[in-house]
Amino acid sequence: MSKFAKKKDGEVPAVSTASLPDIVFMLLFFFMTVTVMKDSSLKVENVLPNASEIKKLEKKDRVIYIYVGKPTKEYQKVFGTEPKIQLNDKFANPSEVGDYVLMERAKKPQELQNVLTTALKVDKNAKMGLISDIKEELRKVNALKVNYTTYEGDAFRNLQ
Amino acid sequence: MARRAGAPEVSAGSMADIAFLLLIFFLVTTTIETDAGLDRMLPPIEPPDTDVIIKQKNIFQVNINKNGQLLADDELIDLKDLRSKAMAFLDNGGDGTCSYCQGVKNPESSDNPTKAIISLKNDRETKYSTYITVQNELVGAYNDLRNREAQRLFGRKFVDMEAEYLNPETPDDVKEQLKEKVKKIQELFPQKLSEAETSSN
């Protein structure tokens, strides 16, 4: 009977799938390492306005983010419905923006400290008064390069 | 008793499935987003040492009130007309020193694109979205004019050239070439957009 059990020499052996887990794990580790978890969860509503003449913010490590908007539902009881500034994970007053920018700037490597951009992620329903206060603070700490972060789209859609 | 000889081997066949599950989770949650927006420079806080006298006709005053209405050079205009108005002002070339301008050469308007200043003023109650639209239109006016000149001189759009120049993946030698061109166009129509402090009422 062993005569039958023996495979013929011409038969193609099945492809071994033993290395499949390794390949998949390799991919998995790739995605695990490139995934950037958000370092701060948004506590404000943040629907950005549209603009068409935009430039991309290429280098992430040179950007300081400032969020402005109405506090989300769960925070409205405590903080009200007026637009607020969010720095990292907490709400802040306009007067704290300067310190925050200086602190963030100090965290960056020396050679990047002069080329930082401040990205203002402002909800489209915010009022300019608050933005002016932020801009004033930024001017005080000499962080003059700002980027009004927007979605790409027709700017006139903002007006509706 | 042969069956008890050793613990049965754990099947590794499902390992691939588990790994796939994790892989798909990370694939779905990964967002490789690039932020984009309007780049602006704020004016430095120290006033310049020398007082520069700017002729009134070289300033294009844009005012936004709290209802989102627009006052450009003391004229109530629609937001849609702002871009063409700003372009006409910048491109005017009133004193005839501007060889590339195609404007109407109105002596009452700006002398030269290099002298023309757009001043933007807004109310504290102005909505941010309106402000962004106005900024977008003003930047657009500059970009349109720069595109026109770049097309004439280099046969290519200015915004494309600038995007390629700013892209970190562009090789250095190409960058070097583009730098010259981008600079040249920027000098033809320098972006002089001044933002006054907001008024409180």
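# Two chains, two sheets

Let's start with one pair of residues: A:Val68 stands opposite A:Ile85, which sits in strand 4 of chain A. The model here is a predicted one, where local features need pLDDT of at least 70, side-chain atom pairs count only at pLDDT 80 or more, and totals for chains, interfaces and linings use all residues. Residues are numbered from 1 along each chain as its sequence is written, while chains are lettered from A and ligands numbered from 1 in the order in which they are written.

That pair belongs to strand 3 (63–69) and strand 4 (84–87) of chain A, which run antiparallel and are joined by three bridges. (Strands are DSSP runs of E with at least two residues, helices are runs of H or I with at least four, and both are numbered from the N terminus; two strands pair if DSSP finds at least two bridges between them.) Helix 4 (97–107) of chain A packs on the sheet, touching strands 3, 4, 5 and 6 of chain A, and its direction makes about 155 degrees with that of strand 3 of chain A. (Contact means C-beta atoms, placed from the backbone, within 7 Å; axes are lines fitted to C-alpha atoms, for helices over the stretch in contact, and angles run from 0 to 180 degrees between N-to-C directions.)

Now zoom out. The open sheet has seven strands in the order 2(A)-1(B)-7(A)-6(A)-3(A)-4(A)-5(A), with mixed pairing. Strand 2 (55–56) and strand 5 (90–92) of chain A are at the edges with a single partner strand each, so one side of each has no neighbour in the sheet.

Helix 3 (128–154) of chain B lies across strands 6 and 7 of chain A together with strand 1 of chain B, running at about 75 degrees to strand 1 of chain B.

The whole contact takes 47 residues from chain B and 46 residues from chain A. On the side of chain B that touches chain A, helix 3 of chain B gives the most, with twelve residues.

Chain B also has its own open sheet: five strands in the order 4-3-2-5-6, again with mixed pairing. Strand 4 (75–77) and strand 6 (193–195) of chain B are the edges, each with a single partner strand, so one side of each is left without a neighbour in the sheet. From one strand to the next, the twist averages 25 degrees.

Terms used
Contact = placed C-beta atoms within 7 Å.
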